[in-house]
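Subject: Structure handover

Hello,

Here is the structure for you to look through. Please keep it open while you read the notes under it.

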Amino acid sequence: MNAIITATELASELAKPTAPVLLDVRYQLGGPPGRPEYAAGHVPGAVYVDLDSELAAPPGKAGRHPLPDLAAFSEAMRAAGVRTDRPVVVYDGGQGWAAARAWWLLRWSGHPDVRVLDGGLAAWQASGGALSTDQPEPQAGDFTPVPGALRLLTADDAAALARRGVLLDARADERYRGEVEPIDPVAGHIPGAVSAPTTENVAEGGTVFRAAHELAERFAALGATADAEVGVYCGSGVSAAHEVLALAVAGVPAALYVGSWSEWTADPSRPVATGSQPG
């Protein structure tokens with residue numbers, strides 16, 4: 001199953017009796033919640049899901065976007081109408097990071113059929129798709145999370161994988177090198193990690209994924225191939241989910257370190273590397 005869906009494909013599927021559940025996950029790092037934007041216009045039938053409150057637990061030592069409480073996540077997904085026997089499509093404002101977080105959580109917790117709208121809401125509108133201000137009240141879903149369908153890394157797992165496999169750092173190059181750190185208390189990267197900015201997963205324009213073969217070539221040049229053990233982290237486990245999604249498009253399974261750099265640097269005993277080399 002492809003992990004992404006085009007706007008044209010989505011329009012076709014929404015016209016079927018077995019239309020997918022639609023989740024709107026618009027989100028801006030450090031910005032206001034996306035609910036007002038959702039209320040102003042969304043893909044018809046979509047239900048809003050808040051990343052900070054429903055796709056993550058409160059920030060703390062486990063990072064800025066830790067895994068949500070499973071009971072709370074289950075309740076949010078059921079309220080949105082998510083069912084195990086019905087496909088789900090998630091989208092955001094276009095960047096794809098928030099949608100990828102929802103995709104990863106649903107896949108990790110056992111939902112068998114989840115896709116991200118490639119290019120997000122902008123792609124939907126560019127294809128001629130209409131917007132709606134109606135806020136649906138879906139029938140309660142039956143989704144029960146069963147974690148483990150995708151691999152999850154702890155801090156110790158990430159450190160070990162960086163030594164024996166390929167650990168990709170999805171943040172900007174300058175943060176990887178330790179030249180700047182606008183959010184977390186320490187600059188640098190996990191020793192052994194390879195720089196692989198999430199922004200290079202998308203084509204010119206910054207929203208639509210590059211072709212699968214281009215992504216495969218990109219990741220292969222970094223050592224991340226289908227027969228390698230691959231993991232990804234970022235600042236707080238959001239943009240790294242986008243990289244895991246890009247790897248899936250390229251045919252490369254990858255584990256996610258959800259705590260990421262924000263959890264890693266919360267423990268001053270953990271080592272830090274700087275510069276352009278893995279270290």
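The notes below cover the strands and then a pair of helices.

This is a predicted model, in which local features need pLDDT of at least 70 and side-chain atom pairs count only at pLDDT 80 or more, while totals for chains, interfaces and linings use all residues. Residues are numbered from 1 along each chain as its sequence is written, and side-chain values use heavy atoms, with hydrogens and water left out.

Two terms come up throughout. Helices (H or I, at least four residues) and strands (E, at least two) are DSSP runs, numbered from the N terminus. Two strands count as paired if DSSP finds at least two bridges between them.

An open sheet is formed by 5 strands in the order β6-β10-β9-β7-β8, with parallel pairing. β6 (152–153) and β8 (194–195) are at the edges with a single partner strand each, so one side of each has no neighbour in the sheet. Strand β7 (residues 166–169) pairs with β8 in the parallel sense over 2 bridges. Asp-169 has Ser-195 in β8 as its bridge partner.

Strand β5 (residues 114–117) has parallel partners too. Strand β1 (residues 4–5) is joined to β5 by 2 bridges, and Ile-4 stands opposite Val-116. Strand β4 (residues 88–91) runs parallel to β5 and is joined to it by 3 bridges, with Val-89 opposite Arg-115. From β5, Val-114 and Val-116 point one way, Arg-115 and Leu-117 point the other way, and all are buried. Buried means under 20% relative accessible area, exposed over 50%, and partly exposed in between (1.4 Å probe, protein chains only).

Now the helices. The axes of helix α9 (residues 212–221) and helix α10 (residues 239–249) come within 8 Å and cross at roughly 110°. Axes are lines fitted to C-alpha atoms, for helices over the stretch in contact, and angles run from 0 to 180 degrees between N-to-C directions. This makes α9 roughly perpendicular to α10 (under 35 degrees counts as roughly parallel, over 145 as roughly antiparallel, 65 to 115 as roughly perpendicular, and the rest as oblique).

In contact (heavy atoms within 4.5 Å), Ala-212, Leu-215, Arg-218 and Phe-219 of α9 meet Glu-243, Ala-246, Leu-247 and Val-249 of α10.

Of the 11 residues of α10, 10 are buried, so α10 is largely enclosed by the rest of the structure. Among the buried residues are His-242 and Glu-243. After α10 comes Gly-251, with a positive phi near 85°.

Regards
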